[in-house]
Amino acid sequence: MERLDVLKTYKIFIGGKFPRTESGRYFKVEDNNGKLLANMCLSSRKDFRNAVVEARKAQKSWQSASALNKGQILYRVAEMLEGRKSQFIAELMMTGLSKQKAKEEVEQSIDRLIYYAGWSDKFQQIFSSVNPVASHHFNFSVLEPMGVVSVISSNESALLGLVSTIVPIIVGGNTCIVLSSENNPMVSISFAEVLNTSDLPHGVVNILTGKRKELIHHFASHMDVNAVSYCGEHDEEIQELEKVSVENLKRVRINRGTNWNEDKSQSPYYIERFQETKTIWHPNEV
Amino acid sequence: MSDTSQTSSWSYASAPENTDHIVLKEQYDLFINGEFIKPDSKKYFKSINPATGEVIASISEANKKDVDLAVASARKAFTSWSKIEPKERAKYIFRIARMIQERAKEFAIIESIDGGKPIRESRDVDIPLAASHFFYYAGWADKLEYAFPNKNPKPLGVAGQIIPWNFPLLMAAWKIAPAIACGNTVVLKPAETTSLTALKLAEVIQESGLPKGVVNIVTGAGKTGSEIVNHPDLDKIAFTGSTQVGKLIQNSIVGTQKKSTLELGGKGANIIFEDAAIDQAVEGIINAIFFNQGHVCCAGSRLFVQESVAEIVIDKLKDRMSSLIVGDPLDKNTDIGAINSKEQLDTINKYIKVGREEGGEIYQPTCNLPSNGNWCPPTLFLNVSQSHTIVQEEIFGPVLAIQTFRTIDEVIEKANNTPFGLSAGVWTEKGAKIFKLTQELNAGVVWANTYNKFDSTSPFGGYKESGFGREGGLHGLIAYLNVE
Amino acid sequence: MSFPDLSKIPAIDKLGVEERVSRFCKRSIKNAAKKHGLHLALSMIDLTTLEGKDTEEKVKRLCYKAGHLHGSLEGLPNVAAVCVYPNFVRVAKKELEGSGINVASVSTAFPSGQSTLEVKLSDTKFAVEEGADEVDMVISRGKFLSGEYNFVYDEIATVKEVCGKAHLKVILETGELDTLDNVRKASDIAMYAGADFIKTSTGKISPASTMPVTFVMLNAIKDYYKATGIKIGMKPAGGISTAKIALQYLVMLKETLGNDWMNKDLFRFGASSLANDVLMQLEKQESGIYQSVDYFSKD
């Protein structure tokens with residue numbers, strides 16, 4: 001008798017744990033032939049709320065982790081992804097990618113992780129300044145993470161889009177709550193498993209699966225979220241996001257029609273977009 | 001020999017700045033396309049001297065048609081202004097900086113008459129900083145590719161700029177200088193209570209030979225402002241003012257392609273540790289809250305004093321407050337001038353009333369306030385906590401709320417416990433403590449062992465609900481550029 | 001009195017001090033306030049001659065000047081004191097008899113203070129016995145800079161005992177103290193050791209008195225008063241040569257210590273050429289005409 005496959009149960013990723021959605025709801029993901037691939041958690045606003053709590057809890061210590069440490073952790077993520085490359089390729093192929101495309105996407109994702117791992121202790125030097133004020137003060141500007149960022153991840157580019165948006169956010173010391181690709185959410189949860197085995201502190205990345213329509217409002221309205229990142233071209237969604245974000249003046253960053261495969265879709269400016277500039281003055285006379 | 005000097009106490013005689021040479025028109029028109037033109041609205045409103053209640057001049061009220069005309073002229077000017085050689089662009093702006101310096105005294109006096117701020121401040125702070133802002137950004141005009149390597153920086157187009165009444169000329173400089181240095185053109189609206197120095201700046205701009213339409217100045221109140229914000233042919237809105245209005249503006253540009261920068265309110269925490277240079281810290285508290293009558297978004301309006309030195313600090317603070325001279329803004333000895341408008345005075349008095357009602361213990365030194373005009377003595381409140389209204393809300397007046405603290409963690413938590421995030425102050429002689437605090441405080445500007453310092457090279461702007469974007473320095477350029 | 005708790009002495013931020021001082025200098029003193037201020041300044045002057053080449057004649061002329069500042073101006077106050085070396089105390093005392101003008105004498109191996117305690121005490125004792133109303137001593141800066149604060153304190157306290165009824169002014173020689181923090185520390189040590197006045201400088205070291213230094217000392221006096229209820233006097237000396245600077249010092253005094261200190265019992269200017277500049281300014285106030293130094297007697 002042929003061995004029966006053990007199917008994977010996809011849950012969501014909050015605070016370093018894999019709970020089921022508190023809503024108890026699910027949505028089906030099928031392959032191109034309509035065959036059921038997985039029942040995914042249909043996350044609710046309460047899941048989001050819980051994730052924000054975890055992200056906030058983790059933020060300060062993640063911010064104060066050394067840049068070197070952050071870089072090494074991200075490098076470790078890349079290592080773990082490399083080690084599970086075939087799994088990710090297979091998972092992407094299940095949802096319709098050719099083997100070649102799937103391989104490219106996974107490899108690019110690994111490279112992108114390494115790219116940003118390398119920036120962890122360098123981007124500050126690009127964007128900081130010592131400002132030559134006309135008084136007897138030492139004056140300098142440095143970057144600081146915005147804090148907690150909610151992310152509506154790319155629908156099309158399920159793994160590379162996810163990596164390309166969240167890694168520059170976290171390498172800068174932010175923590176985040178991500179809504180994964182709606183069309184292809186499975187790979188995001190597998191990526192959560194990679195994160196969870198890579199020394200990334202719990203709560204730095206939290207990943208939900210579910211429907212944009214249900215969650216986007218909450219991603220933008222939560223008063224304890226400092227910024228929101230959006231991937232897509234849906235004008236109504238963007239408008240709602242911008243409108244609702246006004247309430248606490250969330251910083252809104254839109255990635256409209258970004259092709260994450262391109263080299264120009266990675267740069268230190270993707271890190272800088274989720275940083276505040278802080279300027280410090282001190283007298284320099286004794 | 002008789003000797004009276006030993007017995008009677010010495011006081012300063014009044015020393016008013018001479019205003020004979022100041023020429024103001026009775027009526028000011030709009031500055032559009034390099035000319036002063038009558039408003040389509042045919043309406044004028046009065047600009048009042050807040051120290052006397054007297055009418056200084058009539059100011060045009062721009063309506064939709066006027067704003068349309070200003071935007072159209074800016075749009076037309078953009079085509080050539082964005083293309084002229086950057087080094088020539090720079091020279092125009094350098095020239096404006098120089099002309100402001102030449103007419104500095106005139107600007108300072110008008111600023112004090114129109115806005116109520118002490119001449120010492122308009123003379124020593126507002127006007128020199130405004131000139132230096134033009135000077136600084138002029139130099140950037142032909143160097144932008146060094147600021148954003150490989151990013152091919154390009155101007156945005158036409159910017160609508162709305163500025164507040166607390167630093168009228170300086171805020172105009174903060175808005176106009178970087179915008180035009182980057183090759184944009186602008187339509188700027190000064191606040192309705194303080195239009196005069198912006199209109200004087202228009203005269204300077206006219207004399208400087210800046211191409212017509214690069215800078216347009218339209219006057220009016222909130223309605224004029226909303227005509228600008230909602231104008232479809234603007235690429236950018238830059239606003240400095242209250243958080244409330246900032247949110248309204250941000251709301252109304254949602255769904256448009258307009259970029260925005262917002263410099264909004266604040267409730268700055270000023271933290272005094274027991275190991276601070278106490279006398280200088282006390283002076284820092286004074287500068288933090290009483291500078292410009294407290295009409296400062298980054299004012300240090302929440303004071304946190306470590307418990308072990310609270311009594312001494314408060315005692316010294318009260319002493320120092322009693323030596324502050326409140327009165328005629330044009331008197332060179334005045335420390336605290338007039339409250340900018342009757343409305344603002346009402347707002348401040350409302351907060352003082354609330355402060356008392358909620359159990360705050362008020363202290364105001366006795367001072368002789370003039371009988372006409374809008375005045376508020378320097379005020380502090382003791383016995384208040386984080387939950388008091390006057391600790392939470394921006395008052396925008398000379399009112400300080402004092403709390404004490406015991407530990408570093410406690411004061412960091414309290415200082416950050418606000419929706420605002422514009423500024424903070426830290427006073428300690430221990431280096432590590434300064435770095436710890438400056439790191440932990442959620443604020444765009446942190447002054448350590450100083451307060452309320454500004455410089456054209458120094459980025460200024462807030463975290464959280466204090467707005468977004470930076471003004472000043474290299475970081476202030478990006479607000480007016482598209483980069484790849 | 002006892003040795004001060006040095007750990008409680010507040011730090012000084014130099015830039016903050018300079019910023020505050022610049023505010024004093026921006027006060028505009030005009031008309032009646034100017035005249036009043038200049039009279040006040042005159043009344044606070046310790047007319048000083050401390051030269052190796054001083055003679056009895058020179059001291060006599062100075063004493064005459066002290067009592068006859070400028071004949072053409074009505075209602076001028078006298079200066080507060082004449083300040084000389086100990087060997088001229090007797091002659092100055094005689095010249096000034098009945099004028100109400102005090103005689104101050106420097107002592108303790110002025111200006112360097114480099115001698116033994118015995119010599120310093122006998123120097124002081126001599127000045128007092130000759131009739132000095134006030135003694136201007138110097139602290140041992142070398143000891144201070146090497147951290148021997150108790151030595152400095154004890155020396156002042158011992159000199160104070162010898163002074164008896166004479167008022168003791170303690171010269172810190174701030175130009176040698178390097179930092180404002182040291183100025184503050186030395187001020188506290190001097191006051192707790194029994195100084196009636198603290199004084200910036202000997203006039204022999206540059207920089208002599210500066211406004212930032214004086215401001216730090218005024219704040220020390222204020223804190224000492226708050227702690228003990230005792231009012232200590234202040235004497236900036238050297239470098240205050242014009243009426244304009246003197247008025248800026250008075251503004252600083254008024255806004256730091258208040259009207260209680262605005263008299264010669266608690267504030268002095270140690271100066272040699274200040275008086276004439278003040279007189280010139282007063283004459284200008286009266287006549288409206290700018291003056292020349294040639295019309296004011298130099299002694």
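Analyst: A salt bridge is a side-chain nitrogen of Lys or Arg within 4 Å of a carboxyl oxygen of Asp or Glu. The model is predicted, so local features need pLDDT of at least 70 and side-chain atom pairs pLDDT 80 or more, while totals for chains, interfaces and linings use all residues. Residues are numbered from 1 along each chain, chains are lettered from A and ligands numbered from 1 in written order, and side-chain values use heavy atoms, without hydrogens and water.

Start with chain A and chain B. Two salt bridges cross their interface by this rule. A:K60 pairs with B:E440 in a salt bridge, where the closest N and O atoms are 3.1 Å apart. On the side of chain A that touches chain B, two or more residues come from each of β4 (137-145), α9 (235-245) and β10 (275-283) of chain A. Of these, β10(A) has the largest share, eight residues. Helices (H or I, at least four residues) and strands (E, at least two) are DSSP runs, numbered from the N terminus.

In contacts (heavy atoms within 4.5 Å), 30 residues of chain A meet 37 residues of chain B. The two chains bury about 2,900 Å² between them, and 55% of this area is on carbon and sulfur atoms. A:L249, A:Y269 and A:W281 account for 23% of the area that chain A buries against chain B, more than any other three residues. Buried area is the accessible area (1.4 Å probe) that two parts lose on being put together, summed over both.

Chain B also has a boundary inside itself. Its domain assignment gives domain 1 (27-264 + 464-482) and domain 2 (269-448), with bounds from an automatic or database assignment. The C-alpha centres of these two domains of chain B are 30 Å apart. Across the boundary, 28 residues of domain 1 of chain B touch 32 residues of domain 2 of chain B. Together the two domains of chain B bury about 2,300 Å², 56% of it on carbon and sulfur atoms. B:P50, B:W165 and B:K464 lose the most area on the domain 1 side, together 23% of what that side buries. Between the two domains of chain B there are zero salt bridges, but 14 residue pairs are in polar contact (both at pLDDT 80 or more). Helices α3 (104-115) and α4 (119-140) of chain B each supply at least two residues of the domain 1 side. The largest share of that side, five residues, belongs to α4(B).

C:R23 and B:D335 form a salt bridge through their side chains, at 2.9 Å from N to O.

Definitions and conventions
A polar contact is a pair of N or O atoms within 3.5 Å; within protein, one must be able to donate a hydrogen and the other to accept it, and residues adjacent in sequence count only if both atoms are side-chain atoms.
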